[in-house]
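Some points on a two-chain model are worked through below as questions and answers.

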Amino acid sequence: MSNKTKTEGNIITALIRKQIFIPIAALLILSIFNLIVDPSFFKITLGHNSDGNPVLTGNLISIIDSGSELAILAIGMTLVTAASRGQDISVGATIAIAGSVILRVLCGTNSRPEELQAPIIVAFLVCCLVAMACGAFNGILVSVFKIQPMVATLILFTAGRSIAAWINNNELPVVKDKTFSIFGNYIPGIPIPTPFFIALACFVIIALVMKFTTLKLYVQSVGLNEQTSRLNGLNPAFIKFITYVILGLCVAVAGLIKVSRFSSINYSVVAKDIEMDAILAVAIGGNSLGGGKFKISASILGAYVIQFLTTTLYKFDVNSEALPAYKAVVVIALVVLSAPIVREKITALFKKFKSPEKAESKS
Amino acid sequence: MKQGIAYLAEDRKRDGIVGDLSVRDNIILALQVKKGFFKPFSKAEATKFADEYIKLLDIKTASVETPIKSLSGGNQQKVILGRWLLTHPKYLILDEPTRGIDVGTKIDIQKLVLKLASEGMSITFISSETDEMLRTCSRLLVMRDRKLVGELKGDELTQKSIMNTIAGGEQDEQQN
């Protein structure tokens with residue numbers, strides 16, 4: 001590459017312009033902050049859980065563990081945002097539906113069965129179908145009826161949790177089978193939490209899809225200029241629809257992890273406010289919420305930034321009631337810093353710093 | 001498009017460019033759609049196509065990565081033209097391709113149209129400038145208010161006869 005010939009200043013400015021710079025910078029700032037205030041934040045210890053399996057514990061582990069659902073959702077949310085120029089605010093409620101469906105299939109009519117009524121894979125597939133149907137419902141409202149995405153998804157946002165409760169007759173089923181809890185906890189013998197592996201698998205799958213299909217180009221052109229895309233032979237409505245279905249699939253996976261964590265579900269609390277965090281992840285990733293160009297890797301990093309932030313705040317014994325307020329302060333700082341107008345200013349500042357140095361070195 | 005028809009639309013901003021995408025992506029867009037969802041061009045292939053048409057049409061751009069919206073109007077139009085030429089159409093419809101672009105590019109495009117026509121491509125050239133039509137057309141249809149009012153061929157193609165056809169006819173309206 002020609003990077004070597006570039007001066008250091010150019011590399012820095014180029015780096016700042018790069019989209020992925022924002023989440024990486026945010027992660028760095030948070031890490032440095034933790035390192036200064038309390039280096040033990042990064043300590044990872046090997047212990048044993050109640051089942052006698054070796055498990056790693058530590059703040060970093062808990063970040064990659066509990067950030068998984070958000071990261072998976074960020075994938076779908078990025079696509080939806082890019083294609084339909086709006087966000088899906090029903091993901092939290094749809095997770096409740098998805099989780100409820102899994103438990104319903106696993107437990108049957110009895111809410112506390114001794115044995116599983118159906119194989120887990122069957123339950124998961126049914127849950128995928130239901131979640132994709134929810135996505136398709138949103139997708140049709142947005143693409144065919146041309147309703148604003150937030151308004152269209154408001155329907156499921158409002159109704160989702162009561163539908164979830166209705167699926168199980170308002171009972172709270174509990175799965176006693178140990179194998180089911182693998183997805184949200186640990187695989188026996190492996191000390192790293194399973195959700196991380198599931199998230200990793202999702203990243204690999206979406207990376208492959210991006211590589212072997214033209215999804216990225218299509219979604220970007222539909223998000224940027226629908227009219228042109230149509231004249232070029234694309235079907236904008238269908239592409240928007242597809243992004244919602246993909247988000248539905250992401251929701252199904254996130255739902256599986258969520259219910260597996262506790263082997264049960266609480267309809268009104270499960271995945272609460274996760275839709276806002278998912279949208280935030282997309283924004284922190286530097287993607288325009290107005291659609292168009294996108295970078296999924298940046299959104300995924302954005303998701304982990306949010307989780308990092310939450311874990312840091314917990315670490316400092318911030319009351320869970322007050323947590324959102326603290327979070328908001330940091331988020332405002334991040335979003336303002338990443339605004340194009342501020343970044344341009346920073347770039348200009350860097351150039352100013354660099355040019356007198358260059359002049360000195362020449363003379 | 002599948003029948004080999006390409007349509008270069010009149011409103012470049014609305015119907016032509018995909019503003020934030022790179023010149024490369026803009027050039028390959030139509031061909032990529034034609035090729036299919038599961039057969040994406042590799043970056044190298046796409047760059048090869050883009051470079052080929054940037055050279056052929058003499059598009060002035062910093063690189064293939066440059067977002068198309070930062071190009072001048074004329075160069076944007078050339079990119080869109082390149083996009084359609086890449087699909088190797090049998091029949092090309094150009095709707096006001098020279099509107100709102102600089103004189104040099106205008107002549108470039110007119111020359112290109114003549115060259116393509118001589119190579120056997122059928123081209124419909126829609127324009128509201130008579131001298132441009134004289135330079136490019138072999139057969140000219142004058143239309144007013146969605147109605148065909150005259151057809152001129154070969155030797156009849158002169159500035160005067162065109163003006164007469166436009167101004168004349170049963171109605172005394174001026175074409176704008």
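Q: How many of the 14 residues of α4(B) are buried?
A: This is a predicted model, in which local features need pLDDT of at least 70, side-chain atom pairs count only at pLDDT 80 or more, and totals for chains, interfaces and linings use all residues. A residue is buried if 20 or more other C-beta atoms, placed from the backbone, lie within 10 Å of its own, exposed if 12 or fewer, and partly exposed in between. By that count α4(B) is mostly covered, and its buried residues number 13.

Q: What distance does helix α4 of chain B reach from its first C-alpha to its last?
A: Residues are numbered from 1 along each chain as its sequence is written, and chains are lettered from A and ligands numbered from 1 in the order in which they are written. Helices are DSSP runs (H or I, at least four residues), numbered from the N terminus; α4 of chain B covers residues 73-86. The expected span is 1.5 Å times one less than the number of residues, which is 20 Å here, and the helix comes close to it with a reach of 20 Å.

Q: Which residue just after α4(B) takes a positive phi?
A: The phi in question is about 50°. The residue is His88(B).

Q: Which element gives the most to the side of chain A that touches chain B?
A: Two residues are in contact if their C-beta atoms lie within 7 Å, and 16 residues of chain A contact 20 of chain B. Two or more residues on the chain A side come from each of α10 (226-231) and α9 (215-224). With four residues, the largest giver is α9(A).

Q: Where in chain B is the pLDDT below 50?
A: pLDDT is the predictor's confidence in each residue, from 0 to 100, and its mean over chain B is 79. Where pLDDT is low, the predicted coordinates should not be read in detail. The stretch below 50 is residues 170-176.
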